[in-house]
Amino acid sequence: MTLDGALLLDKPLGLSSNAALQKAKRLLGAAKAGHAGTLDPLASGLLLVLLGEATKFAGPLLDADKEYLATLKLGERTSTGDAEGEVLDKRPVQVTEESVLRTLGRFRGETEQVPPMHSALKHKGTPLYRLARRGEQVARAPRRVRIADLQLIKQEETALVLRVVCSKGTYIRVLAEDIGQALGCGAHLSGLRRSASGRFRVDDGVTLEALERMAMDERRQRLLPLPALLEGLPRAELGAAEEARLRQGQALKISGLHAGLCAVVRPDGAVIGLGSADGEGGLKPLRLTQAAEKHLKSAAHIKRE
């Protein structure tokens, strides 16, 4: 049985995204799997596991904003920007709620971040974290990111809990370090939980432990179908003949589509794939699912007629 869909997995602490993915893949008996957005082993929360044809839609899912609950340890800077690194220095913490709220306001909106050395970005083919472990430092170009929302959830003497909604590519530990510097006491990221990715929330997810206790049928009932992954995108509905032409790589004329990414579906709602509209009626294929054999035969019959 081919499994096509997505699992909202609540990844535990201490497990890499790939290890969690492989466990979920095995528990579901899937042949092909991927995920839409890595979580570090020290982070927990929503990991969107994609199975079968759903792996073709990772791009738009990766592009969605992410929501996190981030815990900052004030007064300590570390070599990695998180709790895994060596403490570099300690400073007294004398911050008020007013100063925290004022500081957070400076980070909302578009800003630039310098990627950390302890990251998977590559320099001349070598991941930065490997260079960092050798004690090497290289220049990193700043990246434009967007902090859509940044709220104080809880404040303790030496800790802050923040809700962060941000664009893809945002490094929360860099944000934590920058906030600590702005507060004058330094900080590092001591805890991180992804609570949402786009419109998908961890509250609707399932843990690996819960999956293990389920029968196979119950596990597979947890999967979101392909149409659910593309909800919210503009839709182009194609008949069999149009689908056949699109699968041959031909551009179609579809009126009423705005420029950009769109979901391409059949009249019954079954997903054909993703297309790109040019805003002038043109639709080109991007990523298409495998066509059902009988549907292809129907399309071929229509074409012969």
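The legends below describe close-up views of a predicted model.

**Figure 1. Overview of the chain.** The chain has 305 residues, of which 47% count as buried. Its secondary structure comprises 10 helices and 18 strands. Along the principal axes, the C-alpha atoms occupy a box of roughly 80 × 50 × 40 Å. Taking contacts between residues at least 6 apart in sequence, 67% link residues at least 24 apart.

**Figure 2. The largest pocket and its lining.** This pocket holds about 1100 Å³ of space. It is lined by 33 residues, and T38, L39, D40, Y171 and R173 are the closest to its centre. At least two lining residues come from each of strand 4 (66-74), helix 4 (128-133), helix 5 (172-183) and strand 12 (187-197). Strand 12 contributes the most, with 5 residues. Sorted by class, the lining has 14 nonpolar, 10 polar and 9 charged residues.

**Figure 3. The second largest pocket.** About 390 Å³ of space lies in the second largest pocket. Its lining is made of 22 residues, and those closest to the centre are R77, T78, S79, G81 and E177. Helix 5 gives the most, with 4 residues. The lining divides into 8 nonpolar, 9 polar and 5 charged residues. Helix 5 also supplies at least two residues of the lining of the largest pocket.

Figure 4. L48 is part of strand 3, which spans residues 43-51. Is L48 buried or exposed? The relative accessibility of L48 is 2%, and buried means under 20%, so L48 counts as buried. Leaving out residues up to four places away in sequence, L48 touches A6, L7, L8, G34, H35, A36, L61 and F200. The C-alpha atoms of L48 and D10 lie 8.8 Å apart in space, although the two residues are 38 apart in sequence.

Figure 5. E53 sits in the loop that joins strand 3 to helix 2 (58-63). With a relative accessible area of 12%, E53 is buried, because the cut-off for buried is under 20%. Which residues are in contact with E53, apart from its neighbours within four places in sequence? They are D4, L226, L288, T289 and Q290. For Q290, the backbone nitrogen lies 2.5 Å from a polar atom of the E53 side chain.

**Figure 6. Helix 9 and the residue G249.** Helix 9 covers residues 240-247, and its buried residues are A240, E243, A244 and L246. Viewed down the axis of helix 9, these buried residues fall within an arc of 165°, so they line one face of the helix. G249 follows helix 9 and has a positive phi, near 90°.

Note on methods:
Residues are numbered from 1 along each chain as its sequence is written. This is a predicted model: local features need pLDDT of at least 70, side-chain atom pairs count only at pLDDT 80 or more; totals for chains, interfaces and linings use all residues. Side-chain values use heavy atoms; hydrogens and water are left out. On a 1 Å grid over the protein atoms alone, a cavity is a set of points where a 1.4 Å probe fits but cannot get out, and a pocket is an open set with protein on both sides within 12 Å along at least five of seven lines; lining residues have an atom within 4 Å of a point. Grid points are joined across faces, edges and corners, and a volume is the space filled by probe spheres set on the points. Ala, Val, Leu, Ile, Met, Phe, Trp, Tyr, Cys and Pro count as nonpolar, Asp, Glu, Lys and Arg as charged, and the others, Gly among them, as polar. Buried means under 20% relative accessible area, exposed over 50%, partly exposed in between (1.4 Å probe, protein chains only). Contact means heavy atoms within 4.5 Å. The arc is that of the directions from the helix axis to the C-beta atoms. A polar contact is a pair of N or O atoms within 3.5 Å; within protein, one must be able to donate a hydrogen and the other to accept it, and residues adjacent in sequence count only if both atoms are side-chain atoms.
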